Amino acid sequence: MFREQRYLSRKTDVAKIAEHRRNGYLPIQGDKLDTASGPWKGYSLFESLVGVNQIRAWCIGDKFRVETLLSRITHIGKRRCRGYGEIEHIEVTPDPAAQDMVFWRVLGWPRDGYAKTQCGIRPPYWKPAIGYYPKRIVLDTIADCRY
């Protein structure tokens with residue numbers, strides 16, 4: 001795993017925009033160019049990156065079908081359009097532990113050993129829905145939060 005900070009900045013070239021506008025290449029309405037908002041907005045920011053060499057997930061299903069579905073995934077995470085989160089290789093291997101490990105996630109149906117909670121289980125994730133969270137994870141989290 002690696003962590004990295006990148007600095008990004010953009011300053012709008014007002015002179016170049018004025019030249020393009022004067023030559024008729026760039027139609028802008030109004031007299032002023034707003035560089036504080038909109039498409040000409042300048043920015044200066046730091047971006048934190050975290051990279052990993054491997055991600056592991058468990059699923060239950062037909063190996064060929066899982067490989068077919070995963071082969072369509074090229075990137076994972078935020079800012080994929082900038083090339084971040086590129087996936088170099090996907091490997092699907094049978095694992096007997098998958099039957100147990102798949103139930104460490106939030107479920108959309110009731111099950112013994114799971115606590116009913118409000119969470120995002122389907123897109124859009126910001127929209128609350130009823131889900132069932134493993135009680136062993138909930139209890140461990142509560143124990144970690146105590147003073």
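A quick word on the model: it is predicted, so local features need pLDDT of at least 70, side-chain atom pairs count only at pLDDT 80 or more, and totals for chains, interfaces and linings use all residues. Residues are numbered from 1 along each chain as its sequence is written, and side-chain values use heavy atoms, leaving out hydrogens and water.

**Salt bridges**

Searching the whole structure turns up two salt bridges, each defined as a side-chain nitrogen of Lys or Arg within 4 Å of a carboxyl oxygen of Asp or Glu.

| Pair | N to O distance |
|---|---|
| R6 and E4 | 2.7 Å |
| E67 and K63 | 3.7 Å |

E67 and K63 sit four residues apart in helix α2, about one turn of the helix; helices (H or I, at least four residues) and strands (E, at least two) are DSSP runs, numbered from the N terminus. E67 is partly exposed at 33%, and K63 is partly exposed at 39%.

**A buried loop residue**

T12 lies in the loop between β1 (2-10) and α1 (14-22). T12 counts as buried because its relative accessible area is 15%. Beyond its neighbours within four places in sequence, T12 is in contact (heavy atoms within 4.5 Å) with I17, L33, T35, W40, K41 and G42.

Key
Buried means under 20% relative accessible area, exposed over 50%, partly exposed in between (1.4 Å probe, protein chains only).
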